[in-house]
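I opened this notebook page to keep track of what I looked up, in the order in which I looked it up.

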Amino acid sequence: MKVKDYAADHIFSFLCLVVSGLLVFALLWLIETPMVFIFFVESILFTAFVCAFLYDYWRRRSFYNQLWEILERLEEKTLIGEILVQPGFLDGQIFDEILRRVNKYQNDRLADAEQNSQEYQEYLDSWVHEIKTPIAAARLIVENHKNPTTLRIDDELRRIDSFVEQVLYYARSAAVEKDFKVEKTTLQALVNSALKTYSKPLIQVGGRPVFSGLDVPVCADTKSCAFIIGQIISNSIKYRTENLQVSFSAYAKQNAVRLVISDNGIGISPADLPRVFDKGFTGDNGRRYSKSTGIGLYLCKKLCNKMNMDIMIQSMLGEGTTVILSFPMESYLQEAGL
Amino acid sequence: MKLFIIEDEVPIREELSQFFEKYGFQCESSDDFHGIAQLALASGADLILLDINLPYQDGFQVCREIRQSSHVPIIVLTSRNTDFDELMSLNIGADDFVSKPYNAQVLLVRIQKLLSRASETPDSVVLTHKGLTLNLLKAEISYNGQDKKLTKNEMGILRLLMVNKGNIIPRDAIIDDLWQSEEFIDENTLNVNIVRLRKTLAEIGLPDYLETKRGLGYLV
């Protein structure tokens, strides 16, 4: 709180002071009081007013400055009502009481919402595990009775399974705790596991995986990484041109191993490229191929962030798309004490 | 070889039994989950498949109970595919962990691995159809006393067709089956393999064993 602002705020009081000073002066002058007395009376009047203003300014300044400082330092801003020291002046007390009540209401609502979302997430988690049982049963039935019809049902079951998997990772990506199990594996193993999941759609469009130099050891959470690679493969299948080819290669760069996944699909327009990781963003391709949800790459980005991995995308419209996943190198992780 | 399946979901239990019986395993299971550990031990099974979510007690307890008196191989099958479950299972003595929806072929391979480690002389797993015998461990076919070796891919194709004898298997399903064992072949390679497989079959006197259904797939 600055003196200038305070004075501006009390401009009316100051005007009253000046007017009353002038009136007193006029009155005393009319009854022919000596100038010395008038001067004394005016001094007393002004001193009293100025003292009152100064005292008031000091009280408010110390309260509001403290309030600002607390607010700046507080991490959970909505808890300010709990920390506040009650001020000595009336309007401050009223304001304090209102702030307290509003904050309490807000915090209750916040806790409710948090609990709801927590419960919802737990329910979703158990639902995902529930639904896996009938999927597993149905797939076993197909396994025992393979023929062209049941195998087509199996294709649909796999699609259901990959959607369910997406729900699981969506729920996980929002969770605060990180439940990743980092273990030693190779890029080839990660790619293989993703390819197995998306084998059927890839085979059906005549797609061909090409590998080069994937025998690189990395430390990663196998399931999450396979999920990410799977999402990228599924995009390559969705946005393909003829003779789909998905190639996987690797190279090392500055404490990281990079997995490069390129396809020869339709590519992404330069205008859309910076936004492909945004939630719900579908872009030009998404509009043309109605099946986009704008969730796949968003989840990839989020999972990568949680696992300290980098994901980058490059594309030329009409030529293909390249996604680069960067895994931190083992020695680097050790140095970082992870 | 006998398997004991501890699983409360009836469809899964039945389909698993049916699947393993095709490969010549005997399967047993029970609905009495109170004393399931004792039942499993009493059955004299060579390997136990164990679900985690069970009525009365969870699979971890059953696993502990079995481990107190036996070293029989245990594979945990579960839909709760959290890392905690996996670690827990392996810690209390399970030999392997497979999460739903599991690929039955993968499960079979793991069972075979565990069984061959557990017993000195593993039983050969064989498939027989119309007089032709396929030995899965040796990758050999025999007919009328004649033996022939097969390559890994050829055996994979024949195995898939023989397990589903009498049913047409589409080409993409055959390729997919080979992909699941990490042989990422394409249509042309499949053609080459089918031709070679036919030639081998003809050499031992079965020229028309593998039928082509135009536009649909293959059939034995």
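Predicted model: local features only at pLDDT ≥ 70, side-chain atom pairs only at ≥ 80, totals over all residues.

**Chain A as a whole.** I looked up the secondary structure of chain A and found 12 helices and seven strands. The radius of gyration of chain A came out at 35 Å, well over the 20 Å that the globule rule gives for 338 residues, so I record chain A as more spread out than a compact globule. Along the principal axes, the C-alpha atoms of chain A fill a box of roughly 120 × 45 × 40 Å. I then checked burial, and 22% of the 338 residues of chain A count as buried.

**Helix α5 of chain A.** I asked what span its 55 residues, 90-144, should have, and at 1.5 Å a residue the expectation is 81 Å, which agrees with the 81 Å between the end C-alpha atoms. Looking for buried positions in α5(A), I listed several, among them A:K132, A:R139, A:L140 and A:E143. The buried residues of α5(A) pack against α6 (148-174) of chain A and, in chain B, against α1 and α5 (104-118).

**The contact between the chains.** I looked up how many residues each chain gives to the contact, and found 30 from chain B and 27 from chain A. On the side of chain B that touches chain A, α1 (10-22) and α7 (171-180) of chain B each supply at least two residues. I sorted the residues of that side of chain B into 15 nonpolar, six polar and nine charged.

Methods
Residues numbered from 1 in each chain as written. Chains lettered and ligands numbered in written order. Contact = placed C-beta atoms within 7 Å. Helix = DSSP H or I, 4+ residues; strand = E, 2+ residues; numbered from the N terminus. Nonpolar A, V, L, I, M, F, W, Y, C, P; charged D, E, K, R; others polar. Expected span 1.5 Å × (residues − 1). Buried ≥ 20, exposed ≤ 12 C-beta atoms within 10 Å, placed from the backbone. Rg over C-alpha atoms; globule rule 2.2 N^0.38 Å.
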